[in-house]
Amino acid sequence: MAGAPTVSLPELRSLLASGRARLIDVRSREEAAAGTIPGALNIPVSELESALQMEPAAFQALYSAEKPKRDDENLIFFCQMGKRGLQATQLAQGLGYTGYGEVSPAGGD
């Protein structure tokens, strides 16, 4: 699915500074445990589809966080190289999420 929205590193910094980004780290639990962006929620891409379809209370119980709403703006997925982030972005789009994107790994690291 070409054309999935991407967020550059400068855009991400701006969104984070203003508190307007909801970050979801779609790497494995082991990868995220080794280090992630502060404040990011870890939902491995293999769990993402079921997580985004959960009832809000079940999501809260499992992930200790509020479930993203379909119309939340700036729901941003990221991984290490971009492939899983793109997959997560496309999955969210398919489930009706509208304010999503992925971090572009080439965004100036």
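Trainee: What covers the buried residues of α1?

Mentor: Keep in mind that this is a predicted model. The cover over the buried residues of α1 includes the strands β1 (6-7), β2 (22-25), β4 (75-78) and β5 (100-103).

Trainee: Which residues of α1 are buried?

Mentor: General idea to start with: an α-helix has 3.6 residues a turn, so residues three or four places apart point the same way. Now the case here: α1 spans residues 9-17, and Leu-9, Leu-12 and Leu-15 are buried in it. Looking down the axis of α1, you'd find its buried residues within an arc of 120 degrees, so they line one face of the helix.

Trainee: And which residues are exposed on the other side of α1?

Mentor: There you'll see Arg-13 and Ala-17.

Trainee: Now for the cores. How many residues does the largest nonpolar core have?

Mentor: A nonpolar core is a set of buried nonpolar residues joined through side-chain atoms within 4.5 Å. The largest one here has 20 residues, and Val-26, Ile-43, Leu-48, Leu-52, Phe-77 and Tyr-97 have the most contacts inside it. α3 (45-53) gives this core its largest share, four residues.

Trainee: What does Leu-48 touch?

Mentor: Leaving out residues up to four places away in sequence, Leu-48 touches Val-26, Ile-43, Phe-77, Ala-88 and Leu-91. There's also a second, separate core of nine residues, with Val-7, Leu-12, Leu-15 and Val-103 among them.

Definitions and conventions: Residues numbered from 1 in each chain as written. Predicted model: local features only at pLDDT ≥ 70, side-chain atom pairs only at ≥ 80, totals over all residues. Heavy atoms only, no water. Buried < 20%, exposed > 50% of the residue type's maximum accessible area, 1.4 Å probe, protein only. Helix = DSSP H or I, 4+ residues; strand = E, 2+ residues; numbered from the N terminus. Arc of directions from axis to C-beta. Contact = heavy atoms within 4.5 Å.
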